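The following paragraphs walk through a few local features of one protein model. Please keep the sequence and the 3D view side by side while reading.

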Amino acid sequence: MLKTKLCGVRLKNPLMLAAGVLGSHASSLNWILKSGAGAVVSKSFSKEPNDGYKNPTTVAVEGGIINAIGLSSPGVEAFIDELEKVDRIKGKSIASIYGATPDEFAYVAGKVEDLVDMIELNVSCPHAMEGYGASIGQNPELTKNVVKAVSDAVDVPILAKLTPNVTDISEIAVAAEEAGADGLTLINSLGPGMKIDIVTGNPILANKFGGMSGPAIKPIAVRCVYDAFAATDIPIVGVGGIRNYADVIEFLYAGASAVQIGTSIMYEGPEIFGRITSDLEEFIEESEFDSIDDMVGFAHKEP
């Protein structure tokens, strides 16, 4: 009932771990798979090690969190050891990668393609160093260049993870599709935003600014998925503020074929995957739908 396909890859259910949450080690990725997720996405990593920003890197705000981790990465060589230990019998493995140039993206993708089922391109982090993340994904041509370089370099499906911090996300989505992306992930965190300590008068985050995630950004994420679904013909993974089965259904109706969960794990732990899959099954049994696939894009029907 919950089984589906994403970019030709079979999933036992449409729920995935989002990049950046419990994704640094194989032990935590396997924990999420055992908890019921259909797939896990690693924390974003790069060609060379990167320390990221100093602590504090996260702060709670109303409706979610703001984080400025700074794309910390042990480097691809170190991450290979973790990917080799992911239990791909229990679920699918997706590597989230980043770089400053198309060649860097292609190099990292080539190093890990045999260890994963898909590769997600992080061209959308709103608190990355200059030349990385959203500075790429806000530009259609730069996005095209990165996607094409990776598409030409590897044989596994590629997901382009896009930023909501653009005038027209459909333009970026179309650019990624034209360059060879097999699917899209929408959205990365919103912002950057900040929080100030009213006692000291200082920004709380060491980097001052960070990307916001959590329930407060869900309406924006749903709209971005809706727009991209109407503009492209490739599958979409929805992410942003999912806490329950109703949130998942909204994303499916908007046009997502699968979803990712991140910040809500901080509230409820990995058990959220089992709870949502159970609730989704119950919803489908009591509805007019026969499967998850029947729900994709339902909000685009003629009134």
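The buried residues of α6 are covered by several elements, including α4 (134-137), α5 (140-153), β9 (158-162), β10 (183-186) and α7 (218-231). The model is a predicted one. Helix α6 itself spans residues 169-179, and its buried residues are Ile169, Ser170, Ile172, Ala173, Ala175, Ala176 and Ala179. An α-helix has 3.6 residues a turn, so residues three or four places apart point the same way.

Both ends of α6 have a feature to look at. Just after α6 comes Gly180, whose phi is positive, at about 115°.

Next, consider Pro270, which sits in the loop between α9 (263-268) and α10 (271-285). Pro270 counts as buried because its relative accessibility is 4%, under the 20% limit. Apart from neighbours within four places in sequence, the residues in contact with Pro270 are Trp31, Ile32, Ser35 and Ile265. Gly183 lies 87 residues away from Pro270 along the chain, and their C-alpha atoms are 25 Å apart.

Phe209 is placed in the loop that runs between β11 (190-193) and β12 (210-213). With a relative accessible area of 39%, Phe209 is partly exposed. Together with Met194 and Ile196, Phe209 makes up a nonpolar surface patch, and the accessible area of the three is about 260 Å².

Conventions:
Residues are numbered from 1 along each chain as its sequence is written. This is a predicted model: local features need pLDDT of at least 70, side-chain atom pairs count only at pLDDT 80 or more; totals for chains, interfaces and linings use all residues. Side-chain values use heavy atoms; hydrogens and water are left out. Patches are made of residues with over 30% relative accessible area and no salt bridge: like charges are joined within 9 Å, nonpolar side chains (Val, Leu, Ile, Met, Phe, Trp, Tyr) within 5 Å. Accessible areas come from the Shrake-Rupley method with a 1.4 Å probe; for residues, only the protein chains shown count as cover. A salt bridge is a side-chain nitrogen of Lys or Arg within 4 Å of a carboxyl oxygen of Asp or Glu. Helices (H or I, at least four residues) and strands (E, at least two) are DSSP runs, numbered from the N terminus. Buried means under 20% relative accessible area, exposed over 50%, partly exposed in between (1.4 Å probe, protein chains only). Contact means heavy atoms within 4.5 Å.
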